[in-house]
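Subject: Structure handover

Hello,

Here is the structure for your files. My notes on it follow below.

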Amino acid sequence: MAEKTFEESVVDAEKSVAPPPPLFKVLLLNDDFTPMDFVVHVLERFFSMDRERATIVMLKVHNEGVGLAGVFTRDVAESKVHQVTEFARQHQHPLQCVLEENR
């Protein structure tokens, strides 16, 4: 049996690369009770946004009912949803954070 050339080995390696994992959107939902400054704080703390970007996303949540906090792998997205929900409950706010498959 003949040995493979370097080029054939590279082609075989490229064929066996797994597809990237599916990504999920983390979304914040509007409610009539959570203060806007709290939503900005959540976006800064859990999604590493600067104040300007966090304010833009918060206004989108406020005006359109939903805002994108970030796109992550499933594990990271689920962790973010849990962290935000727990933090909101600890501060007695009904802020909802959900994940949705990124299509």
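Helices (H or I, at least four residues) and strands (E, at least two) are DSSP runs, numbered from the N terminus. On that basis, the order of elements from the N terminus on is α-β-α-α-β-α-β, giving the chain four helices and three strands.

The model is predicted, so local features need pLDDT of at least 70 and side-chain atom pairs count only at pLDDT 80 or more, while totals for chains, interfaces and linings use all residues. Residues are numbered from 1 along each chain as its sequence is written, and side-chain values use heavy atoms, with hydrogens and water left out.

Strands. Two strands are taken as paired if DSSP finds at least two bridges between them. Strand β1 (residues 23-29) runs antiparallel to strand β2 (residues 66-73), and seven bridges join them. Within this pair, V71 of β2 stands opposite K25. β1 also pairs with strand β3 (residues 96-101), again in the antiparallel sense, over six bridges. There, L27 has V98 in β3 as its bridge partner.

Core. A nonpolar core is a set of buried Ala, Val, Leu, Ile, Met, Phe, Trp, Tyr and Cys residues joined through side-chain atoms within 4.5 Å. Buried means under 20% relative accessible area, exposed over 50%, and partly exposed in between (1.4 Å probe, protein chains only). The largest such core has 23 residues, of which V26, L28, V42, L43, F47, V84 and L95 touch the most other members. Two or more residues each come from β1, α2 (36-47), α3 (51-64) and α4 (74-90). α2 provides the largest share, seven residues.

L28 has contacts (heavy atoms within 4.5 Å) beyond its neighbours within four places in sequence, among them V39, V61, V66, A69 and C97. Over the chain, 71% of the contacts with a separation of 6 or more are between residues 24 or more positions apart.

Surface. Of the 103 residues in the chain, 29% are buried. Accessible areas come from the Shrake-Rupley method with a 1.4 Å probe; for residues, only the protein chains shown count as cover. The chain's accessible surface comes to about 7200 Å², with 54% belonging to carbon and sulfur atoms. L23, L68 and V71 form a nonpolar surface patch with about 210 Å² of accessible area together. V71 counts as partly exposed because its relative accessibility is 35%.

Regards

Notes
Patch = residues over 30% accessible without salt bridge, like charges linked within 9 Å, V, L, I, M, F, W, Y side chains within 5 Å. Salt bridge = Lys/Arg side-chain N within 4 Å of Asp/Glu carboxyl O.
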